[in-house]
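Biologist: I would like to learn how to read a model like this one. Can we take surface, fold and charge in turn?

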Amino acid sequence: MSEPPLLQAEGLCLAYGAQVALDRVGLALWPGEVLAVVGESGSGKTSLLNVLSGRSTPDAGTVLYRDETDASAEVHAMAPPRLRRLYRSEWGFVHQDPRESLRMDISAGGNIGERLMESGQRHYGAIRATAAHWLAEVEIDPARIDEPPRQFSGGMRQRLQIARALVTHPRLLFMDEPTGGLDVSVQARILDLLRRLVARHRIAAVLVTHDLGVARLLAQRIAVMRAGRVVETGLTDQVLDDPLHPYAQLLVSAVLRV
Amino acid sequence: MKGYNFAYLDEQTKRMIRRAILKAVAIPGHQVPFGGREMPLPYGWGTGGIQVTAAILGPRDVLKVIDQGADDTTNAVSIRRFFARVAGIATTTRTAEASVIQTRHRIPETRLRADQILVYQVPQPEPLYRLEPSRAAARRLHALAEYGAMHVRLYEDIARLGQVAISYDYPVLVNRRYLTSPSPIPAFDNPKLHRMAALQLFGAGREKRIYAIPPYTEVRSLDFEDHPFRPHRADAACALCGSRESYLDEVLTDDRGGRIFVCSDTDYCAGRAA
């Protein structure tokens with residue numbers, strides 16, 4: 001690829017005392033690409049996501065992010081205001097638990113609009129119209145714009161969270177088990193939605209999941225993690241259909257084929 | 001008065017408070033912590049305002065104290081008498097004659113001058129406290145000037161009620177930088193904060209914070225472009241002086257539901273009625 005990567009990590013190390021979470025992890029993410037990080041619980045997936053997004057600081061290693069103006073900067077060397085600006089404009093987060101990013105007692109419109117107001121928008125009508133548009137995008141009836149997420153089902157909350165993340169047109173999305181804890185039909189709908197939106201808006205994403213099915217549906221590339229190391233990376237189909245590393249083979253064969 | 005230092009507080013304490021005031025004036029709208037003292041009145045009765053007043057009073061100052069605009073209520077009378085006793089200074093009820101005005105929840109209707117100082121009693125200096133329960137987190141939001149959450153509150157009001165439903169303590173942005181509580185003055189008074197000629201000092205005794213709005217500073221009430229800030233006023237004339245411009249209190253006059261509107265600013269009203 002001729003275009004330089006959007007996000008590039010090298011030699012990331014992180015330990016919690018004697019417990020090693022990341023061991024010399026490196027990866028690169030290109031614009032518009034979805035990279036799935038798979039592995040069992042405790043393999044360091046979420047630690048990696050936190051370090052990549054600047055929410056925790058690694059013991060060693062660098063994460064370079066190339067921003068809208070094409071300037072590259074080390075994520076962990078950024079001043080807090082700059083990082084917070086990225087969080088509310090160029091980056092988006094989708095958590096497993098929508099409660100982490102939604103305000104449960106504020107209307108759906110307010111939840112989506114908050115990102116816009118944080119970015120300085122001050123036109124009520126425009127904010128409301130944008131919120132209604134994004135509700136429709138994630139298949140929530142715009143008539144429910146004034147209802148708080150408390151009154152929404154789990155799947156709707158997750159879709160609302162996605163709308164909130166995408167409203168500022170981020171270039172990079174961090175997703176941590178976006179369909180965890182939802183039943184299969186609801187999962188399918190959300191995956192469908194994510195795939196469509198990520199492709200249409202050409203959003204790059206780092207997707208952390210233990211569910212290889214989710215990875216196959218959404219990601220172009222996969223990184224398999226075990227005990228803090230990336231043991232195998234490659235195109236999704238290649239890794240899932242013909243895994244090379246013994247652990248990757250084990251992981252793939254552990255999935256029940258229906 | 002014998003046995004007391006001038007204006008009750010000792011000189012060390014006054015210097016400490018003055019340092020906080022200087023810092024507050026240098027950073028308009030920013031809350032400066034100070035070592036609040038016990039005062040001979042309970043928290044919530046103006047312990048912050050009274051300490052600020054004590055720190056800035058000089059022997060030739062003329063003090064006016066108002067409570068909700070009135071000179072003749074308990075809080076106003078007792079604070080005025082307090083300083084008359086412990087500082088031996090002149091007091092007045094006339095806005096134009098005062099050099100220092102301590103106020104609870106109002107700004108006088110009479111336009112203030114550059115040689116006057118307005119001291120506010122503040123119960124809750126942190127405008128974000130209902131939105132962000134952690135003080136440490138609120139301070140970080142101030143440092144980063146992240147005030148989106150306050151706009152979400154206005155958004156919710158407009159979405160549910162068609163208008164912003166904050167009638168007092170309406171949040172303002174001071175000098176385009178700090179989100180600030182104007183103390184529980186009615187939103188009607190907010191426009192008077194903007195480019196006021198007098199120095200405005202805010203003292204919160206229980207919370208031990210001082211902040212300030214220097215003379216002629218820009219003070220904007222938060223709003224949306226398509227829902228501009230609109231101060232509310234009862235649609236009536238004062239029953240005593242006939243004013244249609246001043247802020248009005250509704251007063252019950254009998255047990256049969258009789259009620260009248262009168263000016264909340266007693267000095268303004270008396271001046272017009274005379």
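Biologist: What does the accessible surface of chain A come to, and how much of it belongs to carbon and sulfur atoms?

Modeller: Bear in mind that this is a predicted model. The accessible surface of chain A is about 11300 Å², with 51% belonging to carbon and sulfur atoms. Of the 258 residues in chain A, 53% count as buried.

Biologist: How many helices and strands does chain A have?

Modeller: Chain A has 9 helices and 10 strands. Its radius of gyration is 18 Å, close to the 18 Å from the globule rule for 258 residues, so chain A is as compact as a globular protein of that length.

Biologist: Now charge. How many salt bridges does the structure hold over all chains?

Modeller: Side chains of opposite charge can pair when their charged atoms come close. Over all chains, the structure holds 38 salt bridges. One of them joins D67(A) and R82(A), with the closest N and O atoms 3.1 Å apart. D67(A) sits in the loop between strands 4 and 5 of chain A and R82(A) in helix 2, so the pair ties together parts 15 residues apart in sequence.

Biologist: Is D67(A) buried or exposed?

Modeller: Buried, at 9% relative accessible area. R82(A) is partly exposed, at 27%.

Biologist: Which residue of chain B does R84(A) pair with?

Modeller: R84(A) forms a salt bridge with E146(B), the closest N and O atoms being 2.9 Å apart. This pair crosses between chains, from helix 2 of chain A to the loop between helix 4 and helix 5 of chain B. R84(A) is partly exposed at 24% relative accessibility, whereas E146(B) is buried at 14%.

How values were computed: Residues numbered from 1 in each chain as written. Chains lettered and ligands numbered in written order. Predicted model: local features only at pLDDT ≥ 70, side-chain atom pairs only at ≥ 80, totals over all residues. Heavy atoms only, no water. Helix = DSSP H or I, 4+ residues; strand = E, 2+ residues; numbered from the N terminus. Rg over C-alpha atoms; globule rule 2.2 N^0.38 Å. Buried < 20%, exposed > 50% of the residue type's maximum accessible area, 1.4 Å probe, protein only. Areas by Shrake-Rupley, 256 points an atom, 1.4 Å probe, with all protein chains shown as cover. Salt bridge = Lys/Arg side-chain N within 4 Å of Asp/Glu carboxyl O.
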